[in-house]
Amino acid sequence: MTGHDTREETIEFSDFMKVEVRVGTIVDVQEFPEARRPAYKLFVDFGPEIGQRKTSAQVTQNYTREELIGRQVAAVVNFPPKQVGKFMSEILVLGFPDENGNVTLIRPDKTVPNGGRLY
């Protein structure tokens, strides 16, 4: 690999299947003033099987609270909970960096049922 190659080692399909990426709808967004970097608290509904989960997300540069409510997002739902300050984050919402390095959230291009698994 070259010095500019940021790809990780090759993995097996079974490794990919260990990461449970699901789609959910953001149902609530709260300010998170005690976060070290600007962030929101997101509450995401993954449907009846998984239910609602919460996370903190540094997405304040590209999204207002109002823009996020009702938006579908992709998230890893099988990481262990992580303490972020006084807030317990239960999922990892996924995104790509924009031209300034700020998070742009991943979502399906059509509305799909909450809880659907990425494949």
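Predicted model: local features only at pLDDT ≥ 70, side-chain atom pairs only at ≥ 80, totals over all residues.
**Entry 1: L42 and its contacts**

I set aside its neighbours within four places in sequence. L42 is then in contact with I26, D28, V29, R53, K54, T55, A57, L68 and V93.

**Entry 2: the cores**

Next I asked which residues have the most contacts inside the largest nonpolar core. They are L42 and L68. This core has 17 residues. Strand 2 gives the largest share, three residues. I also found a second, separate core of five residues. Among its members are F32, A39, F43 and F87.

Five of them form an open sheet in the order 3-2-1-4-7, and the pairing is antiparallel. Which strands stand at the edges? I noted strand 3 (52–57) and strand 7 (92–93). Each has a single partner strand, so one side of each is left without a neighbour in the sheet.

**Entry 3: strand 2 and its partners**

I followed strand 2 on both sides. Strand 1 and strand 2 run antiparallel and are joined by six bridges. Across this pair, I26 stands opposite V44, and Q30 stands opposite K41. I26 is also one of the contacts of L42.

Strand 2 and strand 3 run antiparallel too, again with six bridges. Here Y40 stands opposite A57 in strand 3. A57 was on my contact list for L42 as well. Strand 2 and strand 3 form a hairpin, with six residues between them. In the turn, G47 has a positive phi of about 85°.

Is strand 2 largely enclosed or left open? Five of its six residues are buried, so strand 2 is largely enclosed by the rest of the structure.

**Entry 4: a patch on the surface**

Last, I looked at the outside. I11, F13, F16, M17 and L118 form a nonpolar patch on the surface. Together they have about 480 Å² of accessible area. I picked out F16, which lies in helix 1 (residues 13–18). Why does F16 count as partly exposed? Its relative accessibility is 31%, and partly exposed covers the range between the buried limit of 20% and the exposed limit of 50%.

Terms used. Residues numbered from 1 in each chain as written. Heavy atoms only, no water. Core = buried A, V, L, I, M, F, W, Y, C linked by side-chain atoms within 4.5 Å. Buried < 20%, exposed > 50% of the residue type's maximum accessible area, 1.4 Å probe, protein only. Helix = DSSP H or I, 4+ residues; strand = E, 2+ residues; numbered from the N terminus. Contact = heavy atoms within 4.5 Å. Pairing = 2+ DSSP bridges. Patch = residues over 30% accessible without salt bridge, like charges linked within 9 Å, V, L, I, M, F, W, Y side chains within 5 Å. Areas by Shrake-Rupley, 256 points an atom, 1.4 Å probe, with all protein chains shown as cover. Salt bridge = Lys/Arg side-chain N within 4 Å of Asp/Glu carboxyl O.
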